[in-house]
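I opened my notebook to look up a few places in a structure that was new to me. My entries follow.

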Amino acid sequence: MKLGIHAYAWCSQWSNGTLDLIDRVKRLGLDFIEIPLMTLDTFDAAAVKKRLADAELDAVTSTVLLRGTDITSPDPAIRAKGIEYLKDCARATAEIGKTNLSGVVYSEHVKNANARPTEDEWNWAAEGLREAAVYARELGVQIGLEPVNRYESNLINTCEQALRLKAMVGEPNIKIHLDTYHMNIEEKSFYEATKAAGADLIHYHICENDRGIPGTGLVDWDAIFRALAELNYAGYAALESFVDVTDNMNTWVWRQLAPSGDALVAEGVRFIRGKMAEYGLG
């Protein structure tokens, strides 16, 4: 299993001014950095690719769809804009020489919804992702669907729902990305949800129930690592916490979750490395 961290542990937006985080993650002994693509206008693919190569560090990318790019919108123009955005993200991922893009890529993040999703919304999500996936596959990029909690999406809250949408899309490079923070709210079992993802699992967000330091809260880490060990999981797993509220994505961080980003990483990595060793995932 590859252990990394989301750049949002230290910054609220990616730009060339945050390239030094690549070196910092390398010095911390982690395997990869997760780079947000929320603001593609500040994403310099050539600079990122060079810095990653110089540091000999791996990377994945992630994003969410916002109001103007919702591929489940009844407005076909907004759906088309969302599809193009997903293609742009896939291209940005390929341009830095990487293969994994994931996140809330199936509908608007924090959609103002007051009803369960319609069949039209399910079908629009599948159609949009299918077009994006075909494009991404030509670039060697796979797309992970990340279930999030009921307050952030009315479409995909559980692994089971993500697998349903994956089946509707029908493209082999549509995969699954799980997140323990959301699973703590929506799943009945960390173990069963992780096992259900199976070979389609490509990314795992390692978060405590309050998004603080892993191992200090309520998440059932033994159930998670038992499932990952049984899957012989060799994919990516990233610590994900946020230092602040961002301008491009609401993170609901109203208090300090750790003394600092570095403290969160040091203590969280120590705990997760211990679990990896205990379950033979080192």
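Where is valine 110 found? I located valine 110 in the loop between strand 4 (100-108) and helix 4 (119-138). I kept in mind that this is a predicted model.

Next I checked the exposure of valine 110. Its relative accessibility is 33%, so it counts as partly exposed, since that class runs between 20% and 50%.

Then I turned to the largest nonpolar core. I found 86 residues in it. Trp14, Ile33 and Leu165 touch the most other members. Helix 4 gives the largest share of this core, seven residues.

Beyond four places in sequence, its contacts include Tyr106, Trp122, Leu145 and Ile156.

On to helix 1, residues 20-27. Which of its residues are buried? I listed Leu21, Ile22 and Val25. Seen down the axis of helix 1, the buried residues fall within an arc of 105°, so they line one face of the helix. They pack against strand 1 (2-6), strand 2 (32-36) and helix 2 (45-55). Just after helix 1, I saw glycine 29 with a positive phi of about 80°.

Last entry: asparagine 149. I placed Asn149 in the loop between strand 5 (142-145) and helix 5 (159-169). Is Asn149 buried or exposed? Its relative accessible area is 2%, so Asn149 is buried. Residues up to four places away in sequence aside, Asn149 touches Asn157, Tyr181, His182, Ile185 and Glu186.

Conventions: Residues are numbered from 1 along each chain as its sequence is written. This is a predicted model: local features need pLDDT of at least 70, side-chain atom pairs count only at pLDDT 80 or more; totals for chains, interfaces and linings use all residues. Side-chain values use heavy atoms; hydrogens and water are left out. Helices (H or I, at least four residues) and strands (E, at least two) are DSSP runs, numbered from the N terminus. Buried means under 20% relative accessible area, exposed over 50%, partly exposed in between (1.4 Å probe, protein chains only). Contact means heavy atoms within 4.5 Å. A nonpolar core is a set of buried Ala, Val, Leu, Ile, Met, Phe, Trp, Tyr and Cys residues joined through side-chain atoms within 4.5 Å. The arc is that of the directions from the helix axis to the C-beta atoms.
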